[in-house]
Amino acid sequence: MKSLFPKEFLWGGAVAANQVEGAYLTDGKGLTTSDIQPQGIFGGNVTRVAGDFNVKDLAIDFYHRYAEDIALFAEMGFGCLRFSIAWSRIFPQGDEAEPNEAGLAFYDKVLDELEKHNITPLITLSHYEMPLGLIEQYGGWGNRKVIECFERYARAVFTRYGQRVKLWLTFNEINMSLHAPFTGVGLPHESSKQAIYQAIHHQLVASALAVKACHELLPDAQIGNMLLGGLQYPLTCKPNDVLEAMQKNREWLFFGDVQVRGRYPGYMLRAWRDEGIKVEFALGDEAILANNTMDFISFSYYFTGCASADPYEYSRGNILNIITNPHLPASEWGWQIDAVGLRTLLNLLWDRYQKPLFIVENGLGAKDKLEAGGSIRDPYRIHYLREHLLQVAEAIEDGVEVMGYTSWGPIDLVSASTAQMSKRYGFIYVDRDDEGHGTLERRRKQSFFWYQKVIATQGASLAEPVQE
Ligand code: BG6
């Protein structure tokens, strides 16, 4: 068997603080946008009423069980764990002058555990949550004040953990602010495009300032951006559909263009002009963006979609206003499965940016069944992951530089879009349901042993057929 992946390839998994930690008010943590969205990231801006149930309040209790969970990741052979820091553990209201020591201490312990097992940390500074205080006090990212607060937070964690964390990401799926503005930039869901793009501009400046701080404070670390890789195909070969697909892809590639190339692309300036959007730049913003670009590009990959110049096609579309592809199967949640699209996307990003790429999320959300005796057979998940990883190998053969692969949700966690526990991604089963019942006990699924072998053989075992 020949290994398909380079020796230094980082294998692992990815989680986010608000989807695993729980302990939502422990050790001085402040409330976040996620804490008041019990129905998930598209749930809009809600006011939390005392007694409301939010499954994320406890999530899978990683806050108290991180050592057990990291030991299980180590047993699978993880070389890397991507996780996020909850900003509001470090700055509970977001604008304090000094960080919260108890919050900082928690991630010290997580890092100790990772070090013990020789697992490289990859930290996301902000994954779908921000301190609620920054919305109450300043109105979220629409206000430049938040840039300063974020920079202070980034500097605090770089200083504290920089000796042992060499891989960083700024904002998770930064392009999602266009679809979930409350989650992304702390703005009301009904905000105008003008307001959303202004807030996005502030966030892009903050991201560049975090790059600057990282390079200044940690010269041997690398920092990347994080995009939702929302590849879209033309629904037909009609030239206008092809053009429409290009425009739709630019809606998300635009973020990469600013973060990697360091300037706003002409097509976006034109789109703003056409729509009468005027984004205000402060003196110096352009230089900040130009001088502080990303070392690498990371992205999530779950599904592709189609674009059409015919508005009628959209009336039949699904999530995120994309049209269903008639040639692809879908998950139980309607996400269309497209392994080949991952190779296409890797090549597209490589051709466009010529920067190393890191696949920091990919996986299948599915309902699992606990068999009598406690085992969980999940060949569907193995099929999904195997097909995608084989396409990653193809892209590597194509000459694309791929740093690693962290599958989403190596342990079952709370879904971001639906806030369900039953949408499971893990190699490790967690005994908890959507209503919060369960012992939280962890169990190894069939896919646990499969992934363990993939890692141990550096991908060579992907050649083997899946055991049904
Ligand atoms: C990505 C997010 O969009 O997709 C994760 O970065 C999220 O936070 C993942 O969990 C899967 O989505 P969902 O909605 O199935 O949890």
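This is a predicted model: local features need pLDDT of at least 70, side-chain atom pairs count only at pLDDT 80 or more; totals for chains, interfaces and linings use all residues.

Q: What is a salt bridge, and how many does the structure hold?

A: A salt bridge is a side-chain nitrogen of Lys or Arg within 4 Å of a carboxyl oxygen of Asp or Glu. The structure holds 34 salt bridges. In one of them, E151 pairs with R155, and the closest N and O atoms are 3.1 Å apart.

Q: Where do E151 and R155 lie?

A: Both lie in helix α6 (residues 145–161), four residues apart, which is about one turn of the helix. Helices (H or I, at least four residues) and strands (E, at least two) are DSSP runs, numbered from the N terminus. To describe how open a residue is, we call it buried under 20% relative accessible area, exposed over 50%, and partly exposed in between (1.4 Å probe, protein chains only). R155 counts as partly exposed because its relative accessibility is 25%.

Q: What else can be read from α6?

A: The expected span of a helix is 1.5 Å times one less than its number of residues. With 17 residues, α6 reaches 25 Å from its first C-alpha to its last, close to the 24 Å expected. The buried residues of α6 include V146, I147, F150 and Y153.

Q: Which parts of the chain does the salt bridge between K445 and D368 tie together?

A: K445 and D368 form a salt bridge in which the closest N and O atoms are 2.5 Å apart. K445 lies in the loop between β12 (442–444) and α15 (446–456), and D368 in the loop between β9 (357–361) and α14, so the pair ties together parts that are 77 residues apart in sequence. K445 is buried, with a relative accessible area of 1%, and D368 also counts as buried, at 14% relative accessibility.

Q: How does one find empty space in a protein?

A: Rolling a probe the size of a water molecule over the atoms shows where empty space is left. On a 1 Å grid over the protein atoms alone, a cavity is a set of points where a 1.4 Å probe fits but cannot get out, and a pocket is an open set with protein on both sides within 12 Å along at least five of seven lines; lining residues have an atom within 4 Å of a point. Grid points are joined across faces, edges and corners, and a volume is the space filled by probe spheres set on the points.

Q: What is the volume of the largest pocket, and which residues are closest to its centre?

A: The largest pocket has a volume of about 720 Å³. Of the 30 residues that line this pocket, Y197, Q247, K248, R250 and E251 are the closest to its centre. The largest share of the lining, seven residues, comes from α10, whose range is 266–275.

Q: How do the lining residues of the largest pocket divide by class?

A: Ala, Val, Leu, Ile, Met, Phe, Trp, Tyr, Cys and Pro count as nonpolar, Asp, Glu, Lys and Arg as charged, and the others, Gly among them, as polar. By these classes, the lining of the largest pocket has 14 nonpolar, eight polar and eight charged residues.

Q: How many cavities of 30 Å³ or more does the structure hold?

A: There are five cavities of 30 Å³ or more. The largest cavity holds about 110 Å³ of space, and among the 15 residues of its lining, S126, F171, T183, G184 and Q203 lie nearest its centre.

Definitions and conventions
Residues are numbered from 1 along each chain as its sequence is written. Side-chain values use heavy atoms; hydrogens and water are left out.
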